[in-house]
Every structure is written in C-alpha cells, then in structure tokens.
Amino acid sequence: MTEKFESDAFTRSSTGAHDAGRTEERNENRKVRTAVEIAGVTLKNPVMTASGTFGSGMEYGQLTDLSALGAVVTKGVANVPWSGNDVPRIAETPSGMMNAIGLQNPGIDTFIRRDLAFLEKADTRVIVNVCGRSIQDYCETAERLSGEKRVDLLEINISCPNVKEGGIAFGQDPKCAMEVTAAVKRVAKVPVILKLSPNVTDIAEMAKAVEAGGADAVSLINTLTGMKIDIHRRTFALANRTGGVSGPAIRPIAVRMVYQAAHAVKIPVIGMGGITCAEDALEFLMAGASAVAVGTAHFRDPFASVKTARGIAAFMEEEGIEDIRELIGCVD
Amino acid sequence: MEAEKVFARALVLGQESVGTQIFSLLLEEKTVAALAKPGQFVSVYCHDRSRLLPRPISICEADPAAGTVRLVYRIAGEGTREFAALKTGDMVEILGPLGNGFPLEEAEGKRAFLIGGGIGIPPLVELAKRLPGKKQIIAGYRDELFLTQELSRRGELFIATEDGSTGTKGNVLDCIRENGLTADIIFACGPTPMLRALKAYAETEKIPCYLSLEQRMACGIGACLACVCHTTEKDEHSQVKNKRICAEGPVFEAGEIVL
Ligand SMILES: Cc1cc2nc3c(=O)[nH]c(=O)nc-3n(C[C@H](O)[C@H](O)[C@H](O)COP(=O)(O)OP(=O)(O)OC[C@H]3O[C@@H](n4cnc5c(N)ncnc54)[C@H](O)[C@@H]3O)c2cc1C
Ligand SMILES: Cc1cc2nc3c(=O)[nH]c(=O)nc-3n(C[C@H](O)[C@H](O)[C@H](O)COP(=O)(O)O)c2cc1C
Ligand code: FES
C-alpha cells in the first residue's frame, strides 16, 4: 500500500564522471533542450540547490539523485571554521521559516578535504558558496578554491543577514559590494557569482554595482530579515533575535527582485526564493533568470529540486518548447 | 547501496488517544519498520503546506515482521494537532528512520536504568524491548500516566509523579533514591532539566550515561545545521564543537555534550 520515493526509485547516472558538460549527449534522446549557460559554464538544466539548505549534497545525496541537478551549491564556507549562532537557530513561519544559523562552517581545509572530495564523484556542476568577515577573508577562500579543479563557479555571499561580520555591510552598500567583487575577481580563476541581499531599497543598483565590479553573474534573493516572538516564553523565537525569512512566503518578492535585476544588468541572473516546484521555477525563468535555486523546499520534500528539474522538462514537452532559452525573460 | 532511510507515504492503520492530548499513531511503513533502532526518530510532514517543517517524533515501537511503526506524541501546536486528526486509511509522509539511536551493545552484561520524563517516555518502549540484560525503567510523569502497561511488560517499572498521585512524589531521581536503585549504565530521554540532573548523577556515580536530546529541526538529516548542541571536544564534522542532533544524535554520551 505504501508508495515510496527512495533512492533506488531514481536511476543513478552511470557516467560517474564529473564531466557535467556532457549534457548534450543525454538530451539527444529528449525532445527538449534544458541546458543553460552561466558565464561560460554549461549546466545540464537550470535547477540548482540554494546554499545552506543542502549541505554539500552528502546527506540529500543518500536519498536523491544529484546528477539530475544542474548544479549543487554548497553551504557557505570561510577561510577558518565558524561556530555559528546559539540555538534555537530556526523557527517556522506561515509558508516559510526563519533561520539564524550564523554561517557555521568547518573552514576551507576540511571543506576541500571532505566536501569537495565527495563532490568529485557527483555528475553535476559544483558551485561553492563563500562567506567572509573581511575582503581578505573572501579573497583567501576564493584563492584556495580556485586551485581546485572540481570547483566550476564561486558564489560570494555578501548578503547573509545573520552575523554582523557576515557581510551585511558589503551586501547593503553598493560601493562595498563593488569593492569585494573586484577584489575576489582579481584572485579567482573560475567565474564568480555575487549573491545579493534583498534587504536593500534598490536591488537594481546593487546588481549594477557588482556588475561594475566584474561579477560574472548575480544570484538573488538571500533571506529577508525577520523577527518572531514566542508569546508564551515572552522572548525571541531565535537566540539571535532576528533571522532570515525563506520559503514560499517570500516568493513574490523574489520574483519581483529577479525581474528588476535582470532588467538592470547584462550578466546572467540566478533566481531563488520560495521555489517548491517547476511552476514556481518557471516564474523566475520567465522573469529573466537564467537559472534557479531550490532551498527551503527541501525541508518539506527532499526531492524538491530534482522534481523541479524534471517538471521543467515536462512543462517544455507539454507546451512544445524546444529550448529553455525561449522561456528565459519571455515576460518583459 | 542499501537505503538507510526513506521518504515514504505511510498508511495510517489506526490512532487512539492514550492520555489527555496524547495520541498513539500506528503506521504501516515496511522499510522504516525494518530499519528502525530504539532511540531513532522520524520526520512527520504536515498536509497543510503552510507548515513546511517536518515534526520530529521518536519511534515508540517498530515491528519489522508486521511492517509497522508506532508513534506516541503530545499535541504541542498546530502540526501535532493536525496529526491527531489522522484516521485509519489516511496517508502521511514520513522520512526515517533518522538519527543514531541508543547504543544497545553498551548494555551487554550490565544493569541498566531506562529513564524517561513526560513525552520523552515513548522511545523507552522499543528500547526496553531490545536492550539486553537486566533493566529497571524509571518513568516520570506530571500526574497522568501513559504507556505504563507496555513498559512494565518489559522491565521492572518505577514511577514518579510530580503530584505524588502514583509512585514517588517528585522526579525520576527522587524515585531512584526512594527505591534505593543502582545501575551500571543509564539511557534517558526527557526534558533538559532532567537530562542535566542525570548527567550530574552519572558523573557522581561514575557510570556511563546516554541522553537523547531535542532541538528545532528543518532537514532532519544533517544538511542545514539548525539542530546543533555544544560538545566538549572538537568533532570531525563541524570542527567547532557543534554536533548535529539529527545526525550524530539524538543520543549522546553525557560526557560528550554541554547541557
Ligand atoms: C528527536 C526528537 C524526538 C521527538 N520525539 C517526540 C515524541 O516522541 N513525542 C512527542 O510528543 N514529541 C516529540 N518531540 C517533540 C516534537 O517534535 C514537537 O512537539 C513537535 O514538533 C511540535 O510540533 P507542533 O506543530 O505541534 O508545535 P509548534 O510549536 O506549532 O511547532 C512549530 C515548530 O517548532 C518545532 N517544535 C516545537 N516544539 C518542538 C520540540 N519540543 N522539539 C523540536 N521541535 C519543536 C516544530 O517541529 C515546528 O517546526 C521530539 C522532538 C525531537 C527533536
Ligand atoms: C537554513 C538556511 C541556511 C542558509 N545558508 C546560506 C548560506 O550559507 N549562504 C547563502 O548564501 N545563503 C544561505 N541561505 C539562503 C538560501 O540560499 C536562499 O537564498 C534563501 O533561503 C531563499 O531561497 P528559498 O526560499 O528557496 O530557501 C540559507 C537559507 C536557509 C533556509
Ligand atoms: S535538522 Fe538540519 S542539520 Fe539537523
């Protein structure tokens, strides 16, 4: 009677190699072309995981097929280990959640030794999310990662609202954002995505600033700063007092910001914020995103990103769309 | 690779109230039932998609032969209220079994205390079933008792109630002292103040003690770092003395954690 969606329900890719660019080959059998390109890097489909919601794919990889994804975006990593915030670190909110993990991470050494080694075998693109407390921190980590052949792209998080030093100053001031971008670009040997904070008045201005700094792409949105009070305990729901709101609740805001950013810059835009399925993802693509990320939805459904990728292909087949590029920015 | 955990739609075989606001939910899910170890839990998902985080609930009983899993939970908010309305024949999504479970092998040849407080009592049922050796179960309640039949069938049961309506008036440690009980190892699940007291007790008695912890969870599988607890030593995963309760726990050796 029970219907299961366990790992063996999905056939794993037999290539095993990390030559994720060989997507054309596989898509030959299909009617639709789902591949997209971000700064010269081809993704077999536009669906990636949102940083911090998927670890480095080790845990979800036990349940789901990473090779069905366009890319795995890892949890933010810094030059040294960070302890993160006190608990409670999360709270549920209507159709969403708040988090203040505080960018806990094991530091770049452990990350390269363990997480990148794991991803070596994954048949998907690898995007490493980087956090830092100073420009030097970002550059040190970016430089270390540039030497790793498994890293396809870097995503620089200048938008985490949880830690004072976590980059919010960079993410909220166009001049700072441009400086970080330029500094990282000087040391990075792979294309660099700048991840933008929605906690600004003018998202177009921020997107333009990082483009001017040399960013190869922008991704948005990170979480929106929120607060929840536990009325029975008469205190904050999160130890950090404030936290970043994510999930379906923020989706309309995210779609609007992606649309604005896509119209402000020439570099590709990666859209995220509350995506749970192909229909949600298609809104972002049509608003101008070249790729999308699924984050919080994994907590409700471990297969959310894989289903989103498959659903986009199914939508294209149904609607008779041969190439996904026909959809990107089609609503103008 | 054999699956360690599955995301599945489980069939509700039945649900009954076993106390005020406390429910016992019997699910059919063969893989979870076959894999489950005492002390592990499952993530239970709400039908109402506006509540997107799964609710972690301990496995109270798992019967591999029947392919069933029993969960016993207290209504604590809207999610558990939704579960309480589940009827025979309904489907509910679960992910599990999750976490490490109690280290049964540590009890070999030892006299064990199985200690539960309040809604921490349910996992003791499967633990009592599978733990080798002599076991004494100490269950602490506010006033109303539940699961006492299941427990007394599998070990010598001692009860403490806050109001003294049954057994020792007071907490589980008062019960241990009043009955002059001793053991070589402790397994416990319950509210943090109880766990803290047991950790101190085990240190004085110089006996090993395994505690099952709780924390808010999102992924339930170790990916999001929501559910950490502080540890005394730097661990391999975090490198910062933060273990994930859902992955390295929920059961920890008391000396390993800072409560
Ligand atoms: C490993 C583990 C095992 C558990 N086993 C049991 C059990 O066997 N029986 C039982 O009755 N309860 C158990 N709990 C507690 C149970 O998870 C919560 O009571 C439940 O999540 C409350 O959900 P709600 O929607 O009713 O409450 P709400 O307060 O509306 O929930 C809001 C959010 O907070 C979370 N939350 C609230 N209380 C807790 C809590 N105590 N621990 C973790 N998250 C919480 C919810 O999951 C949800 O995300 C366990 C918790 C953990 C971590
Ligand atoms: C638990 C959690 C941890 C996150 N950690 C990071 C992080 O380390 N770096 C980052 O750039 N964004 C992080 N984010 C933000 C997400 O990547 C994403 O931008 C945001 O949650 C919106 O997408 P969603 O609604 O699909 O989750 C985190 C989000 C959550 C919920
Ligand atoms: S709940 Fe995500 S790491 Fe434990």
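Me: How much of chain B is buried?
Reply: This is a predicted model. In chain B, 60% of the 259 residues count as buried. A residue is called buried when its relative accessible area is under 20%.

Me: What does the radius of gyration say about chain B?
Reply: Compare the value with the one for a compact globule. For 259 residues, such a globule would have a radius near 18 Å. Chain B has 18 Å, so the two agree. Along its principal axes, the C-alpha trace spans about 50 × 45 × 35 Å.

Me: How many helices and strands are there in chain B?
Reply: Chain B has six helices and 16 strands.

Me: How do I read contacts along the sequence?
Reply: Look at how far apart in sequence the partners are. Take the contacts in chain B between residues at least 6 apart. Of these, 61% join residues at least 24 apart.

Me: Which domains does the assignment give for chain B?
Reply: Domain 1 covers 6–98, and domain 2 covers 104–214. How they meet is given by the residues in contact: 17 from domain 1 of chain B and 15 from domain 2 of chain B. The centres of the two domains, taken over C-alpha atoms, are 24 Å apart.

Me: What about the surface and the charges?
Reply: The accessible surface of chain B is about 10200 Å². Carbon and sulfur atoms account for 48% of that. Chain B carries 30 positive and 34 negative side chains. The centres of these two sets lie 2 Å apart.

Me: Where are the cis peptide bonds in chain A?
Reply: Read the omega angle. One cis bond joins Val87(A) and Pro88(A), with omega about -5°. Pro88(A) sits in the loop between β5 (71–73) and β6 (90–93) of chain A. Another runs from Leu220(A) to Ile221(A), with omega near 10°. Ile221(A) is in the loop between β11 (217–220) and β12 (224–227) of chain A.

Me: Which residue in chain B has a positive phi although it is not a glycine?
Reply: Leu225(B) does, with phi of about 65°. Leu225(B) lies in the loop between β13 (209–212) and β14 (228–230) of chain B.

Me: Is Leu225(B) buried or exposed?
Reply: Leu225(B) has a relative accessible area of 9%, so it is buried.

Me: What is the case in chain A?
Reply: Arg241(A), also not a glycine, has a positive phi near 70°. Its loop runs between β14 (235–236) and β15 (242–246) of chain A. Arg241(A) is partly exposed, because its relative accessible area is 49%.

Methods
Residues are numbered from 1 along each chain as its sequence is written. Chains are lettered from A and ligands numbered from 1 in the order in which they are written. This is a predicted model: local features need pLDDT of at least 70, side-chain atom pairs count only at pLDDT 80 or more; totals for chains, interfaces and linings use all residues. Side-chain values use heavy atoms; hydrogens and water are left out. Helices (H or I, at least four residues) and strands (E, at least two) are DSSP runs, numbered from the N terminus. The radius of gyration is taken over C-alpha atoms; the globule rule is 2.2 Å times the number of residues to the power 0.38. Buried means under 20% relative accessible area, exposed over 50%, partly exposed in between (1.4 Å probe, protein chains only). Contact means heavy atoms within 4.5 Å. Accessible areas come from the Shrake-Rupley method with a 1.4 Å probe; for residues, only the protein chains shown count as cover. Lys and Arg count as positive and Asp and Glu as negative; His and the chain ends are not counted. The place of a charge is taken as NZ of Lys, CZ of Arg, CG of Asp or CD of Glu. Domain bounds come from an automatic or database domain assignment.
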